[in-house]
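Subject: Structure for your review

Dear colleague,

Please find the structure below, followed by an account of what was found in it. I would be grateful if you would read the two side by side.

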Amino acid sequence: MSKIGIVIEREYMERVKKKSFIITTLLMPLLMLLLMAMPALIMSYVDSSATTVAVIDNTRVILPELRSSEDLRFCPTVDATVDSALTREGIDAVLVIPENIIDNPRAGLKYYTNGPSSVGTEAGITDRINSIIEARRLKAYNIENLDEILSSVKSDVSLTTVRADKDSEESNSSMFSYGIGIAMTFTLYMFLLIYGQMVMTSIIEEKGNRVLEVVVSSVKPVQLMMGKIIGVALVAVTQMVIWGVLISVMSAFVLPALIPADAMADVAAVQSGNFDQVGDASSIEIIQAIGMLGNVGNIITLMALMTVFLVFGFLLYSSIFAAVGSAVDNIQDASQLTSLAVFPILFGLIFAMVAAADPMGSVAFWMSMFPLTSPMVMVARIPFGIPGWEIALSLVLLAAGFVAMVWLAGKIYRVGIFMYGKKPSVKELVRWIRYK
Amino acid sequence: MDILQVENVSKSYSSHRALDNVSLSVPEGQVYGLLGPNGAGKTTLIRIINHITAPDSGRVLFDGHQLTEADVCHIGYLPEERGLYKKMKVGEQALFFARLKGLPKHEATRSLREWFERFDILDWWDKKVEELSKGMAQKIQFIITVLHRPKLLIFDEPFSGFDPINAELLKNEILRLKEEGATVIFSTHNMASVEEICDNITLINKSRNILSGNVDEIRREYFGNRYDLLYDGDDRILMEALQPVGNEFEVSAADQLQGRRRLTFHLKDGAELRDAIAIANDSVRLAGMSESIASMNDIFIRAVREDESRR
């Protein structure tokens, strides 16, 4: 095995064998899934028992029309007073409807309860009584065929964007693309920052405990630097791939199991373009989102592209981090020089936000071509379905960028690792590049 | 046969000249001392020999050919400032370094076991380096340096951090490696150990080679024409009597128990040694006479001072 291979192996194995790596790699996707499922889980636990409301109806016409539902049940009461009704077994609350409520809605309902009441229950009651009153008032106008008129004027409009420039008639939700783009940008941002700094601190450590002096008598300094960068990049890719696989598995098996069957039917309906089959309760956007999440092929493509940009971007940024790490003696001295790497990453993040809002704009285009910002900006644009040549061109420029940066960093590194004491300025780093 | 020849090597950094036209030859199978004050350029020279940095001009020959990247697997280097990966296990770490020097894994494992058995430290194999004491870590470091059986070994202050017992152990290991045919370059400030184990030395001061040669010859000849007289009697009478033939007198107590004195003096040019002996014999009770052998310590100090005054 070549020397650089041995270095890569050591850097990779040292990190992958760590407990902290194994735990975060396996737990993170589960944690994310848990966060997504949390609202649904909470709902299912909170509303597990129905609220039974005893109604004292002074109008005597509303109660017969009050429809009970799964979690809200209405029943008449024989008791005249609120207090005696509340003491009855199985009664959670008492609703008092005043006599003049139909003519004067401001008369107000009174809702007595033993414990705290929920917003959902209150809204459910007022909604129902409002529609009963509205219906009664409409009836008072004596319009013929009222029911037919009402059902024919009812409207529930939906909007789906279909890309005219694409061959397939796939539907695409831009809100969802935006979300995915931002999520991928942040993932990339975190990876670049965390793994980039990992390279830097590990170089500072090697320099600090002087193991470097021993290693460089066997390996060329530049080989050592490249071995470290590639080893850490492989760790990042490993984590990314494991996450990708876990998320794909969840999308393929866990997600369909979690989502009710009728919602999945809606998803299938939207994907085949039959909007009229969609149940009226569901929002088209959410259905499309579920559809995209459930599309494993789509997720794999996105993850693969993100991984490529991660690797190329990492090679670029980690070589800046490596140069900084080689130049200083301890992590405190590094903070100032680290801005050389951190600022471009932050700019990339900011421009990625701009790009996600306007993915085809000129700012988005140029920033996704410029090597220092391109990884994050491009990743934010990809979910919107941009032309393949733009991705290819961006990758070529990024590759040229990292080759140049690795070369520069190698020049600084080979001088920096033997420099102890004074913290160098950026000017000195530039002078090191010109050393023979 | 010289295993290493350094020919007219110069190396400059932006602000100063680290090596200025330095030449030296290291004969095979010897222990070669590389001496010099701090900052003289020794480390730079060692780095050039290790192919870590390249000289600006001049060349380095290893085993008769131009030194290349491939030769570093025949060199073992123990730097003065040395460390190990703290979180890595001892055995894994030693294997890592052995493989970097081109040793196949199984072979490295086998000879590593031999060394661990010899030093009786087999139970350290699965310990992390951070669990070891400084002296223990130094032993591992030594093993890592010699594990791949290099033809040329470079030790920079190898004894620092060792207690006297382990320092002795290390010295014997170095001499044993020499017996087995390895050449050793030995850089240190401890002149007593230079006298003890070095065959040849080079003294570098302010980036130049100011003194090279065989240790015994240098010690005998450096000050030139110096002799020790061992006697009982009055120092002053002896010194006054010797004035016509000698100068640069130095008196010391040679033997506390018998009250003997020692006078070291320089025999003037043209004077005869037998005259000096005759004079001494007349003035004191002479017990012995020998050629004075200078200590490396004195030679070091004098050579550096003389070089400074010439510049």
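Which are the buried residues of α15(A)? They are A:Ser374, A:Pro375, A:Met376, A:Val377, A:Met378, A:Val379, A:Ala380 and A:Arg381. Helix α15 spans residues 374-381 of chain A and is mostly covered, with 8 of its 8 residues buried. Please bear in mind throughout that this is a predicted model.

Domains of chain B

The domain assignment divides chain B into domain 1 (2-219) and domain 2 (223-293). Taken over C-alpha atoms, the centres of these two domains of chain B are separated by 42 Å.

Salt bridges

Over all chains, the structure holds 35 salt bridges. One of them joins A:Lys3 to B:Glu69, with 3.9 Å between the closest N and O atoms. This pair crosses between chains: A:Lys3 belongs to helix α1 (residues 3-16) of chain A, and B:Glu69 to the loop between β5 (65-66) and β6 (75-78) of chain B. B:Glu69 has a relative accessible area of 29% and is partly exposed.

A salt bridge is also formed by the side chains of B:Glu81 and A:Arg210, at 3.8 Å from N to O. Here too the pair crosses between chains, from the loop between β6 and α2 (90-100) of chain B, where B:Glu81 lies, to the loop between α7 (174-208) and α8 (211-215) of chain A, which holds A:Arg210. B:Glu81 counts as partly exposed, at 40% relative accessibility.

Within chain B, the side chains of B:Asp232 and B:Arg285 meet in a salt bridge of 3.0 Å, N to O. The two residues are 53 apart in the chain and link distant parts of it, B:Asp232 being in strand β11 (residues 226-232) and B:Arg285 in strand β14 (residues 285-291). B:Asp232 counts as buried at 19% relative accessibility, whereas B:Arg285 counts as exposed at 59%. In chain A, salt bridges that share partners connect A:Arg10, A:Glu11, A:Arg15, A:Glu206 and A:Lys228 in one network.

Cysteines

A search of the whole structure returned 0 disulfides over all chains. A:Cys75 counts as partly exposed, at 21% relative accessibility, while B:Cys198 is buried, with a relative accessible area of 7%.

Nonpolar surface patch

A:Leu138, A:Tyr141, A:Ile143, A:Ile149, A:Leu150 and A:Val153 make a nonpolar surface patch of about 580 Å². Helix α6 (residues 146-153) of chain A gives the most to this patch, with 3 residues. A:Ile143 lies in the loop between α5 (119-139) and α6 of chain A, and this residue is partly exposed, with a relative accessible area of 43%.

Aromatic pairs

The search found 17 aromatic pairs over all chains. The ring centres of A:Phe191 and A:Tyr195 are 5.4 Å apart and their planes are at 10°, so this pair is stacked. Both residues lie in helix α7 of chain A, 4 residues apart, about one turn of the helix. A:Phe191 is buried at 3% relative accessible area, and A:Tyr195 counts as buried at 5%.

A:Phe312 and A:Phe402 form an edge-to-face pair, with 5.4 Å from centre to centre and 80° between the planes. This pair links distant parts of the chain, 90 residues apart: A:Phe312 is in helix α12 (residues 296-327) and A:Phe402 in helix α16 (residues 388-416) of chain A. A:Phe312 counts as partly exposed at 22% relative accessibility, and A:Phe402 is buried at 15%. In chain B, ring pairs link B:Trp115, B:Phe119, B:Phe142 and B:Phe155 into a cluster.

With kind regards

Terms used. Residues are numbered from 1 along each chain as its sequence is written. Chains are lettered from A and ligands numbered from 1 in the order in which they are written. This is a predicted model: local features need pLDDT of at least 70, side-chain atom pairs count only at pLDDT 80 or more; totals for chains, interfaces and linings use all residues. Side-chain values use heavy atoms; hydrogens and water are left out. Domain bounds come from an automatic or database domain assignment. A salt bridge is a side-chain nitrogen of Lys or Arg within 4 Å of a carboxyl oxygen of Asp or Glu. Buried means under 20% relative accessible area, exposed over 50%, partly exposed in between (1.4 Å probe, protein chains only). A disulfide is a pair of cysteine sulfur atoms within 2.5 Å. Patches are made of residues with over 30% relative accessible area and no salt bridge: like charges are joined within 9 Å, nonpolar side chains (Val, Leu, Ile, Met, Phe, Trp, Tyr) within 5 Å. Accessible areas come from the Shrake-Rupley method with a 1.4 Å probe; for residues, only the protein chains shown count as cover. Rings of Phe, Tyr and Trp (its six-membered ring) pair if their centres lie within 6.5 Å; planes under 30 degrees apart count as stacked, over 60 as edge-to-face and the rest as tilted.
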